[in-house]
Amino acid sequence: MDLSIKWLKEFVDIDYKARDFAEALTMSGSKVEGYTTEGAEISGVVIGKINSIDKHPNAEKLVICQVDIGDKVLQIVTGATNLKVGDIVPVATDGSTLPGGIKIKKGKLRGEESFGMLCSLGELGLTLGDFPYAIEDGIFVIEEECELGQDAKEVLGINDDIVEFEITSNRPDCLSVRGLAREVASTYNLPFKDHTPVVTECGGDVKDYLKSVKVDATDLCYRYMARVVKNIKIAPSPRWLRERLRASGVRPINNMVDITNYVMLEYGQPMHAFDYKHVAGGEICVRRANEGESITTLDGGERELTTNNLCIADRDKPIAVAGVMGGEYSGIFDDTDTVVFESACFNGASVRTTAKYFGMRTDSSARFEKGLPPQLCQAALDRACELVTLLGAGEVVSGVIDIKHFEDKPVTITLDADWTNKFLGTDIPEAEMKEILCRLGFEVKGNDIVAPYYRIDIEHKADIAEEIARIWGYNSIPETAIKGKANGKVTDEQKFVRTINDVMLAAGYSQINTYSFMSPKEYDLICAPENSELRNSVTITNPLGEDTSVMRTTALPSMMETLALNFNRRNQSAKLFEIATEYINLGIDNLPDEQKVLIAGAYGNTDFFEVKGALEMLFKVLNLPEADFVATNDEASYHPGRTAKIFAGKTEIGILGEIHPTVAENYNIDEKVYVAKLNVAAMYKAVGEEKMYHQLPKFPAVTRDLSMLCDEALPVADIKKAIATGVGDILESIELFDVYRGSQIPEGKKSVAYSFTLRSESGTLSEKQCTKAVNKAIAELEKLGAEIRS
Amino acid sequence: MKEQLKNVAISAQQALESVKDQQELEALRVRFLGKKGELTAILKQMGSLSPEERPVIGQLANETRAQIEAVIAEKSAQFKSATASEKLRKETIDVTMPGSKKAMGKKHPLNLVLDEIKEIFLGMGFDVAEGPEVELDYYNFEALNIPKDHPARDTQDTFYITDNILLRTQTSPVQVRTMEKQKPPIRVISPGRVFRSDAVDATHSPVFHQIEGLVVDKGVTMGDLKGTLADFAKRLYGEDAVVRFRPHHFPFTEPSAEMDTMCFNCGGKGCRLCKGEGWIEILGCGMVHPKVLANCGIDPEEYSGFAFGMGLERLVMRRFNIDDLRLFYENDQRFLDQF
């Protein structure tokens with residue numbers, strides 16, 4: 001909302017200083033977004049009179065003017081053709097500035113000196129709406145009263161101060177000059193100079209014009225008021241009115257349209273003016289539109305109405321979309337003779353839905369949808385009629401239509417000073433509270449506080465507390481500490497996730513954040529089978545675009561996209577991880593199951609075992625039982641020979657593998673990519689018992705090596721298990737130290753060597769004990785078809 | 001024999017004086033003191049001496065041996081020290097060579113600051129609560145005093161799954177769920193992802209993070225709100241941080257406020273960073289609306305509370321001078337490596 005300070009001063013005698021004003025209003029609850037002075041960019045433009053116009057000796061299209069600017073006469077060369085001797089014009093003198101950062105300097109034009117520039121409307125940042133008698137392409141010939149040499153901004157009234165407010169949705173009353181003026185008056189504790197409009201009726205009877213006015217949709221229209229104005233003389237509005245509209249960011253059009261806009265800006269009540277001759281049958285009905293009805297609105301758009309849209313209809317058809325926009329043909333034109341002024345109160349939600357449905361948010365709908373009080377209709381309608389008379393724009397027919405469907409019952413709240421102070425943490429005297437409320441327009445009857453009708457936001461004692469607090473000053477409320485006890489604890493699950501983050505960082509993986517939604521096409525990119533459960537995503541009905549339209553059921557595409565971005569930008573390597581959420585669809589009526597996963601991805605300078613090493617370290621820190629990596633070849637996104645499902649005990653907790661080359665290619669990554677994905681909840685469930693202290697060993701350990709020849713396909717993990725089974729309790733640790741293929745090893749075979757440590761807690765192991773254990777291990781290994789080499 | 005001993009002493013003295021290294025020294029030790037050495041050879045003749053002479057010569061022989069041994073020991077120490085010095089000299093390295101790379105991963109800047117904020121609130125006695133990101137309309141709006149068709153819904157453009165299920169536009173539903181589950185006293189923060197249908201540009205993202213907080217107990221005041229949040233600002237920005245609270249409107253709090261900090265850049269005078277205002281908006285807050293408490297089964301006559309919420313991305317952008325929000329969700333390794 002842009003507020004004209006000139007307009008404001010009509011209601012409050014304020015000594016305006018921009019910065020102080022902005023600060024004071026912001027701190028009392030009306031946030032100032034910015035402030036400007038009109039014409040701030042214009043300087044050095046003065047009024048001049050054309051003394052003579054002579055041909056330019058060297059240019060056919062230029063003329064040389066001698067311009068009297070009061071204290072001297074300037075020679076100015078111009079190309080304008082609309083000038084004659086005696087014309088009063090704006091003169092941008094040497095060194096002056098114009099909107100858009102333009103600077104005017106004296107110079108020579110085709111050899112003739114020119115000491116400035118004569119300005120057009122546009123060059124001064126004005127339009128025909130501001131000065132309808134001027135022309136658009138040519139010098140602005142001024143018809144205002146003025147003196148030569150006078151500052152043109154003053155003469156043309158380009159000197160208002162404008163303050164831009166951010167109005168919160170609970171205060172539609174502040175979307176008006178009067179509303180803001182009341183706030184200013186309360187803030188500065190100055191009187192609000194109210195004005196009660198007076199209507200001068202010319203006789204006749206409104207009912208002779210409006211034969212029938214009725215409200216069918218009484219649930220959506222709380223009040224409908226109308227008056228008729230006849231003998232309309234469409235003309236431009238007077239300058240003061242145009243200036244105020246311009247300062248408020250509204251383009252002046254003609255007196256009748258300007259009046260409705262002026263009243264809306266001043267009172268916050270949207271008005272509408274119908275051309276009476278287009279109100280068929282002189283009948284008005286406020287009703288829901290019928291299916292199949294349509295209307296061409298003022299902006300030229302053809303709108304198909306539905307029964308959800310409230311409309312103003314005449315005998316035959318809709319003539320306005322209620323509270324949003326009028327119909328094109330029933331608008332005000334130069335031939336308009338009689339006008340129907342509408343001042344009504346519509347249901348906010350209904351206006352909001354309709355405006356949104358048609359995609360036409362107007363100044364009118366923006367006000368209605370926040371909820372306007374029906375009491376406002378009359379003052380606004382009276383003001384419009386008062387302006388008609390003032391402007392000599394027409395004659396107001398006697399009588400007024402007023403159909404009410406609301407209860408005029410003010411909100412009364414009991415002031416509980418003690419509660420208020422306890423709630424705010426203040427010590428404000430009750431008398432001061434009442435004084436503040438009076439200032440804000442509340443009526444104080446003992447402890448009963450009656451809210452003014454325009455404060456639709458007041459309904460609870462907490463609202464009264466806020467009113468008192470904001471005028472008393474939020475910054476005057478003392479800062480205190482919360483009483484009572486507090487925990488401040490992190491849950492075990494939260495600690496668990498924190499540890500995962502810490503370990504992955506220590507393992508060299510950087511943390512990422514990716515979108516929760518993605519394109520359903522990603523499922524094709526990761527080669528998910530047609531019937532895969534993964535494709536059953538929760539779908540957004542109003543996505544920004546297809547690429548963010550489904551909630552991911554797997555974080556794999558997010559990781560692949562991120563790795564692809566890095567690869568594409570020629571980053572040599574990337575090692576990334578995220579604790580990501582996957583959204584598992586549980587049916588249309590249910591919230592999805594949100595599963596946290598750890599996803600780690602890498603390319604460049606890495607391999608399967610590097611990632612596996614990071615995971616093994618993670619499992620160790622998390623105190624998971626030793627995880628099993630079981631080869632799998634049926635995961636479509638992964639390399640069939642380089643992928644493992646990961647088990648903690650019997651529970652599957654995740655997957656690790658090289659991404660299938662086809663998938664990597666789908667993401668345009670020309671490198672081996674490794675991705676691990678682990679379910680956080682499954683890992684958390686698998687956490688082992690808390691580790692207890694174990695006595696440090698008292699007896700010496702014995703180390704043995706076993707080297708063997710076995711089938712290429714035999715997993716080394718099986719060999720390790722066989723040794724462990726054979727050796728039994730006295731196995732302290734076991735380590736793979738060599739796998740060899742090549743010369744001296746037959747095709748299809750490999751040589752595998754394990755080193756293991758034996759130790760007993762009950763005594764030094766004898767040679768016999770050790771040999772027995774090793775022999776048992778060998779027996780187990782032979783069952784696997786391994787051939788011991790040493 | 002006396003003469004012989006003297007001669008050995010002299011020749012040993014002379015030989016030892018010119019010895020060059022440990023090896024030569026050892027050879028001399030063998031030559032003079034060894035089993036077949038010169039001194040031993042002389043001592044072997046002791047048997048031929050008279051009982052009177054024996055102790056005299058014996059003492060002299062011992063003295064000679066001790067003398068030689070002392071010199072050898074001294075020389076040996078000299079050589080060892082020289083060798084050790086030489087070894088150290090040879091081991092000299094260029095300490096300005098770069099350290100070997102330790103490939104630690106980097107925390108995402110959003111998480112870096114989020115963790116810091118969590119720590120601050122944990123230290124102030126707040127628990128950390130979590131809740132679903134795909135949420136019921138009821139928890140995201142209705143329970144928070146934002147019925148269907150409320151104009152406030154326009155300011156939070158919402159992604160819908162169905163009429164009743166949506167992507168949460170704020171983390172406030174977690175507060176409602178907390179209040180439903182837990183009786184006061186309540187002191188929680190709820191950090192997390194939120195979603196709004198804003199097209200992606202340098203300052204907008206359809207996914208971003210909020211940190212909201214809630215305190216409910218008997219006798220919680222607006223003064224407590226101010227004290228707690230001013231304390232938070234000091235813990236986050238340092239003791240010098242100056243804050244102000246100005247009135248605002250949220251449907252779920254009454255009174256409502258926004259907290260600004262004085263612009264760090266210009267100290268309140270107004271500059272480009274703070275758009276000339278001298279203040280930078282940090283968070284929204286207010287006393288929990290009595291209707292919201294009642295919706296959650298908490299008697300507003302008995303209890304009161306305050307709530308607050310802030311956007312993480314904007315905080316982090318200001319903190320690290322990041323000018324484009326998209327960088328957070330691109331996750332370029334070179335970007336991540338900077339923090």
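Predicted model: local features only at pLDDT ≥ 70, side-chain atom pairs only at ≥ 80, totals over all residues.

Chain A holds 21 helices and 39 strands. Its C-alpha atoms fill a box of roughly 125 × 80 × 60 Å along the principal axes. The radius of gyration of chain A is 42 Å, whereas a compact globule of 790 residues would have one near 28 Å. Of the 790 residues in chain A, 43% are buried. If we take the contacts in chain A between residues at least 6 apart in sequence, 70% of them join residues at least 24 apart.

Next comes the contact between the chains. Chain A gives 75 residues to it and chain B gives 67 residues. Several elements of chain A supply two or more residues to the side that touches chain B, among them α2 (18-28), α8 (348-358), α14 (492-506) and β30 (574-584). The largest share of that side, six residues, comes from α13(A). By type, the residues on this side of chain A are 33 nonpolar, 29 polar and 13 charged.

In soluble globular proteins, nonpolar side chains tend to be buried together. The largest nonpolar core in this model has 89 residues, and those that touch the most other members are I468(A), V216(B), M259(B), C285(B) and F306(B). Leaving out residues up to four places away in sequence, M259(B) touches L229(B), V243(B), F245(B), I282(B), L283(B) and C285(B). Another core, of 86 residues, lies apart from the largest one and includes F21(A), Y267(A), F274(A) and A355(A).

Key:
Residues numbered from 1 in each chain as written. Chains lettered and ligands numbered in written order. Helix = DSSP H or I, 4+ residues; strand = E, 2+ residues; numbered from the N terminus. Rg over C-alpha atoms; globule rule 2.2 N^0.38 Å. Buried ≥ 20, exposed ≤ 12 C-beta atoms within 10 Å, placed from the backbone. Contact = placed C-beta atoms within 7 Å. Nonpolar A, V, L, I, M, F, W, Y, C, P; charged D, E, K, R; others polar. Core = buried A, V, L, I, M, F, W, Y, C linked by C-beta atoms within 7 Å.
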